Amino acid sequence: MSDALLSLQGVSKSFGHADRRARALLKVVFQGLAPTGKPVVTDIDLMVHRGQSVGIIGSNGAGKSTLLKLITGVLAPTQGSIETHGSTAALLELGAGFDPEYSGLQNLHMNAAFLGLSRSQIAKHLDEIIAFADIGDAIHEPVKHYSSGMVVRLGFAVVAAVKPDLLITDEVLAVGDESFQKKCIRWIEGYLANGGTLLMVSHNMYQVQKLCQRAVWLDGGAIRAEGDVFDVTQRYLAFHERKDSQAQVETRSHGNQAQYALTALMLNGVAEGEAQLGVGDTLEVEISIKSPDGRAPVAMVGIVRADGTPVYGVATDHEGIRLSLDPDGQATVRCTFDHLQLLPGGYQIKAHTLDPEGLRVHDTLERPLTVVGQTRELGTTRLAHRWSQPNPHVGPTTRSPS
Amino acid sequence: MTQKPSWGLWWDLTQREIKGRLSHSAMGVIWLVVTPLLLLGVYAFVFGVIFQARAPENFDFPFVVWLALGLWPWLAFSESTLRAAGAIRQHSALISKIALNRSMLVISVLTATFLLQLVGYGVVLAVLELMGIHLAWQGLAHALLVLVTLYILASGLGLMLAACQVFIRDLEQVLPIAFMLWFFLTPILYAPSFLPIELQPLIWLNPMTWWMEALRSALIDGQAIPDWRFIGLLAGSVAVLLVGAWVFRRCSPYFEDFL
């Protein structure tokens, strides 16, 4: 249905060893081989078709910028092949290609030439570029006197005039002020609506979800997940929230010496690993407990966000439930959340045992839960609600696209 | 993917380089005329007056003429090659962010420097003419052709050195010294005939001797028609350019790794 504008096959990139320069030179010149060294990006396969918008997400140092540089041709891959069809314009970094000594206007000419515009094309688009950048008389000032926001304005304005088949941006929009960011987003939306293709790196998941259909999660130089933007960004966010709370989790780990010990924590009948759920699915939490003294302890179930923020917690004694022990002192209790209205993201399900008085926590077990789904609702929980308009006769209802 | 060389971009960059060179100093264009004349004055004083350097016996002009004919082409060659060698490092910010044909950056710096020195050459020769020293102007076209081959030679060397300098930074320190040595090994301040007789054949091993001789035979002897020696210069310079461009093409994908 659509042709590939960009295809990467088995692309890897290693940066040459900085201390073996002379050897690298001989190897490159006489053998035509790429210098070997520290791998930054390994074995990337990626296809971007015309009209798609793809977000690249990942932690710092995951290889996102290197990947973009490979795609734009600033870097050459050590292995693999990269094919592009059609025109490409990249906003790789703030003020890339601007000479601080020259005026904005001169730099604008040069930058447009770098992007492949001829002089007549530049002349044709000049007013449009200046109007888009909207930095007033500063256009005649040297770029070294510009604020970073003004540099981005100018850079984006040039790219907007070029209208490439494939637009590549690397976290540049974060610098502009609110109104310019909105202008850029509007422009990108219009560009996408007219069949443009976008490849963007961003740490702003909201922006990625808003602008992209697909997302690629890079981790340690390799693709960790790829697919629908909501799915990938939610898994990415969940991963980070868990990483943040890892230290806490470790200190609260399962204590073997506990008197009232937890022996199992099953989520929807599965004993291990990460559970996955859609918004509104049912969650069954089953806790197995061993009591050494024949007294029935209190069981507690809690849901926290992956970063540790509590969402909900409830204990058996709150609701007058008494655990019945079998002759070996074992008990199993199940807590069912029908139509669980957690919003997509990463969560931890926690189970605790407390002494029969419900005073002291004896044991804790945790299991990760990821809720997936396509929704732009915010927060952790979907609350029952309905919309209404008190004065429906005032005029016809209009829906704004934003 | 590699970007094709673009003449439009080459000329834009060259213009920008020239404008930058001229506009960053207060007197701009005036220096273009004043600097070569000051330099000529200094050389004339030091070598003509202090060292009493002399022109060869069958040479009808003062020593400064002998000097001037060789010095500016040499300056054009050496300064443009040295600047070109540093061009990739100088433009490292651009290279790491914009995909463009990197050889354009080298060649534009080189072209700008070469042209500015040639303007100096023109100024000096014009002033000598005004002072009543009449050169053989019928050889001017031949001399310009020789300068074109010198430009081709500088381009080839510049591309090669620019690529190597990215990998081996020490070149930045070594090259100016090497070029200074080369300057003294080239008959610019002296004539080949001043050397001890047994060393004279050796001076022809230095290719720059051939360029200097070609320029002098054009502008002094008035040799208007290029002969086999010019063919040699052209072939040699084109060969160096081909090798330089080949080395550069091989290295350029990896510049970012080592910048």
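Mentor: Helices (H or I, at least four residues) and strands (E, at least two) are DSSP runs, numbered from the N terminus. By that reading, chain A has eight helices and 17 strands. This is a predicted model, in which local features need pLDDT of at least 70 and side-chain atom pairs count only at pLDDT 80 or more, while totals for chains, interfaces and linings use all residues. Residues are numbered from 1 along each chain as its sequence is written, and chains are lettered from A and ligands numbered from 1 in the order in which they are written.

Trainee: What is the radius of gyration of chain A, and what would a compact globule of 402 residues have?
Mentor: The radius is taken over C-alpha atoms, and the globule rule is 2.2 Å times the number of residues to the power 0.38. For 402 residues a compact globule would come out near 21 Å, whereas chain A has 28 Å. Along the principal axes, the C-alpha atoms of chain A fill a box of roughly 90 × 75 × 45 Å. The domain assignment, whose bounds come from an automatic or database source, gives domain 1 (4-232) and domain 2 (252-372) in chain A, and the C-alpha centres of these two domains lie 47 Å apart.

Trainee: How many residues of strand β7 of chain A are buried?
Mentor: A residue is buried if 20 or more other C-beta atoms lie within 10 Å of its own, exposed if 12 or fewer, and partly exposed in between, with C-beta atoms placed from the backbone. In β7 (residues 197-201) of chain A, five of its five residues are buried, while for chain A 39% of the 402 residues count as buried. In a regular strand the side chains alternate between the two faces of the sheet. Here A:Thr197, A:Leu199 and A:Val201 point one way from β7(A), and A:Leu198 and A:Met200 point the other way.

Trainee: Which strands pair with β7(A), and in what sense?
Mentor: Two strands pair if DSSP finds at least two bridges between them. Four bridges join β3(A) to β7(A) in a parallel arrangement, with A:Ser53 opposite A:Leu198. Strand β6 (residues 166-170) of chain A is also parallel to β7(A), over five bridges, and there A:Asp170 stands opposite A:Val201.

Trainee: Where is A:Gly63 placed, and is this residue buried or exposed?
Mentor: A:Gly63 sits in the loop between β3 (53-58) and α2 (64-72) of chain A, and is buried because 24 other C-beta atoms lie within 10 Å. Two residues are in contact if their C-beta atoms, placed from the backbone, lie within 7 Å. Leaving aside neighbours within four places in sequence, A:Gly63 is in contact with A:Val40, A:Val41, A:Leu218 and A:Gly221.

Trainee: Which residue has a phi near 55°, and where does that residue lie?
Mentor: That is A:Asp134, a residue other than glycine with a positive phi, in the loop between α4 (119-133) and α5 (148-162) of chain A. A:Asp134 is partly exposed, as 15 other C-beta atoms lie within 10 Å. A:His339 has a positive phi too, near 45°, and is placed in the loop between β15 (330-337) and β16 (345-354) of chain A; with 10 C-beta neighbours inside 10 Å, A:His339 counts as exposed.
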